[in-house]
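Biologist: I have a model open on my screen and would like to learn how to read it. Could you walk me through it, one feature at a time?

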Amino acid sequence: MSTWPATSVLRRRRHGDHTLHRTESREPYPTKPHEEALLGAAAAAAACLVSNPLDVARVHAQLAPPREALPGVGGVLRRVVSTHGYLGLTRGMAYGLSYNVALNSLRFSMFSALAAQDDGPGLPAPAAGVCAGFCAGLMASPLARARTLMQEHALGSPGWRAPSAAQLLGTRPFDGALAWALRNAGHTGCIFGLYGPFKRALEERLPSAPSTLVHLLAALHAATLSCAVMNPLDLVATRLYAQSGPGPGPGAGMEGGAAAARVELAYTSALDCVLKTVAAEGPAGLYRGLAANVCRIVPHTAVTFAVAEALRGALFAGRQGGPGV
């Protein structure tokens with residue numbers, strides 16, 4: 001059994017002319033790894049419904065050719081809607097939902113099992129997050145690749161026919177998996193490692209704030225820092241995914257179809273992708289799509305953690321026979 005990081009409440013008492021501050025720890029929510037798997041899966045599936053359109057923008061920003069002026073997150077979304085209607089914003093959502101359920105059930109349960117607890121040994125939260133994120137990212141990588149390949153065509157011809165699940169998942173499904181696993185290791189180490197300290201700091205500074213707001217703000221801060229650090233690996237993994245499947249591939253542009261650009265920018269490994277990206281676009285090229293990445297991961301992470309905390313509290317309250325939070 002594990003306990004998610006305990007929250008604390010800062011209470012103020014008036015004593016004469018002095019204001020006294022006292023921090024009291026709330027009872028931590030005891031959960032088991034299989035319960036964390038269910039909480040993580042449900043929370044991330046809800047977040048995916050919000051973040052999928054922004055993920056489409058991220059993919060297209062990261063796959064745009066070196067000298068193409070990017071229209072911005074809003075510009076990409078408008079192009080998708082003008083070509084395919086609002087349903088175009090759902091491109092890849094089925095694989096996105098499957099991926100988020102698989103990834104977060106694995107990493108929430110692994111983190112719960114690996115992280116240090118009050119009643120026993122374990123890894124520090126950042127190290128547990130890195131281990132959980134790497135393993136979960138590696139195992140869920142085929143679904144992330146299928147989602148990327150579907151989202152890549154959100155700006156293509158309206159008559160484009162989507163590949164079958166057998167084509168997407170049955171042919172070289174683990175291409176780019178190592179880069180994606182490293183990307184998830186970094187994100188999970190940052191977000192899971194920073195979320196607890198940020199949450200405790202916010203609870204002390206904002207003692208009267210609703211718990212949901214505290215969870216959202218803590219996740220927002222952790223996810224923003226994670227994006228700034230991990231965008232290069234995110235970009236590399238996306239480009240490796242794109243070149244491994246049918247379609248225009250990286251460098252083909254917003255409208256697709258530039259096969260010559262794909263040949264020019266074919267990558268043999270993650271390191272080769274980094275070197276060629278820097279050679280063609282400069283070091284700043286590794287941060288292509290950062291705005292879209294932040295716009296996607298920050299709300300996705302905030303919703304995931306807020307929903308997970310609410311479900312965790314409701315589960316604990318149900319065990320105690322009281323109302324949910």
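Modeller: Gladly, and let us begin with a single side chain: Leu275 counts as exposed, at 53% relative accessibility. The cut-offs are these: buried is under 20% relative accessible area, exposed is over 50%, and partly exposed is in between, with a 1.4 Å probe and protein chains only. Leu275 has its place in helix 9 (residues 270-281). From Leu275 to Leu286 the C-alpha to C-alpha distance is 9.9 Å, and the two are 11 residues apart in sequence.

Biologist: What should I know about the model itself?

Modeller: This is a predicted model, in which local features need pLDDT of at least 70 and side-chain atom pairs count only at pLDDT 80 or more, while totals for chains, interfaces and linings use all residues. Residues are numbered from 1 along each chain as its sequence is written, and side-chain values use heavy atoms, leaving out hydrogens and water.

Biologist: How many helices and strands does the chain have?

Modeller: There are 10 helices and 4 strands. Both are DSSP runs numbered from the N terminus: helices are H or I with at least four residues, strands are E with at least two. Along the sequence the pattern reads β-β-β-β-α-α-α-α-α-α-α-α-α-α. Of the 325 residues in the chain, 50% are buried.

Biologist: And how do I read contacts?

Modeller: Contact means heavy atoms within 4.5 Å. Among the contacts in the chain with a separation of 6 or more, 77% are between residues 24 or more positions apart. Leu39, in helix 1, is an example to look at. Its C-alpha atom and that of Ala308 are separated by 5.6 Å, although these residues are 269 residues apart along the chain. Leaving aside neighbours within four places in sequence, Leu39 is in contact with Leu311 and Arg312.

Biologist: Is Leu39 buried or exposed?

Modeller: Leu39 counts as buried, because its relative accessibility is 8%. Thr301 is buried as well, with a relative accessible area of 7%. You will find Thr301 in helix 10 (residues 290-320), where it is in contact with Ile191, Ala219 and Ala223, again leaving aside neighbours within four places in sequence.

Biologist: Which residues does Val214 contact, beyond its neighbours within four places in sequence?

Modeller: Val214 is in contact with Lys199, Leu202, Glu203 and Ala209. Val214 sits in helix 7 (residues 211-243) and is buried, with a relative accessible area of 4%. For Glu203, 11 residues away along the chain, the C-alpha separation from Val214 is 6.8 Å.

Biologist: How does one describe two packed helices?

Modeller: Two packed helices are described by the angle between their axes and the distance between the axes. Axes are lines fitted to C-alpha atoms, for helices over the stretch in contact, and angles run from 0 to 180 degrees between N-to-C directions. Here, helix 1 (residues 33-63) and helix 2 (residues 72-84) pack at about 105°, with axes 9 Å apart. The two are therefore roughly perpendicular to each other; that label covers 65 to 115 degrees, while under 35 is roughly parallel, over 145 roughly antiparallel and the rest oblique. Helix 1 contributes Pro53, Leu54, Val56, Ala57 and His60 to the contact, and helix 2 contributes Val73, Val76, Leu77 and Val80. These contact residues divide into 8 nonpolar, 1 polar and no charged. In this scheme Ala, Val, Leu, Ile, Met, Phe, Trp, Tyr, Cys and Pro are nonpolar, Asp, Glu, Lys and Arg are charged, and the others, Gly among them, are polar.

Biologist: How many aromatic pairs does the whole structure hold?

Modeller: A search finds 7. Rings of Phe, Tyr and Trp (its six-membered ring) pair if their centres lie within 6.5 Å; planes under 30 degrees apart are stacked, over 60 edge-to-face and the rest tilted. One of the pairs is Tyr99 with Trp180, edge-to-face at 6.1 Å centre to centre and 65° between the planes. Tyr99 lies in helix 3 (residues 93-114) and Trp180 in helix 6 (residues 177-205), so this pair ties together parts 81 residues apart in sequence. Both Tyr99 and Trp180 are buried.

Biologist: What about Phe108 and Phe192?

Modeller: They form an edge-to-face pair, 5.2 Å centre to centre with 75° between the planes. Phe108 in helix 3 and Phe192 in helix 6 are 84 residues apart. Ring pairs link Phe108, Phe111, Phe192, Tyr195 and Phe305 into a cluster.
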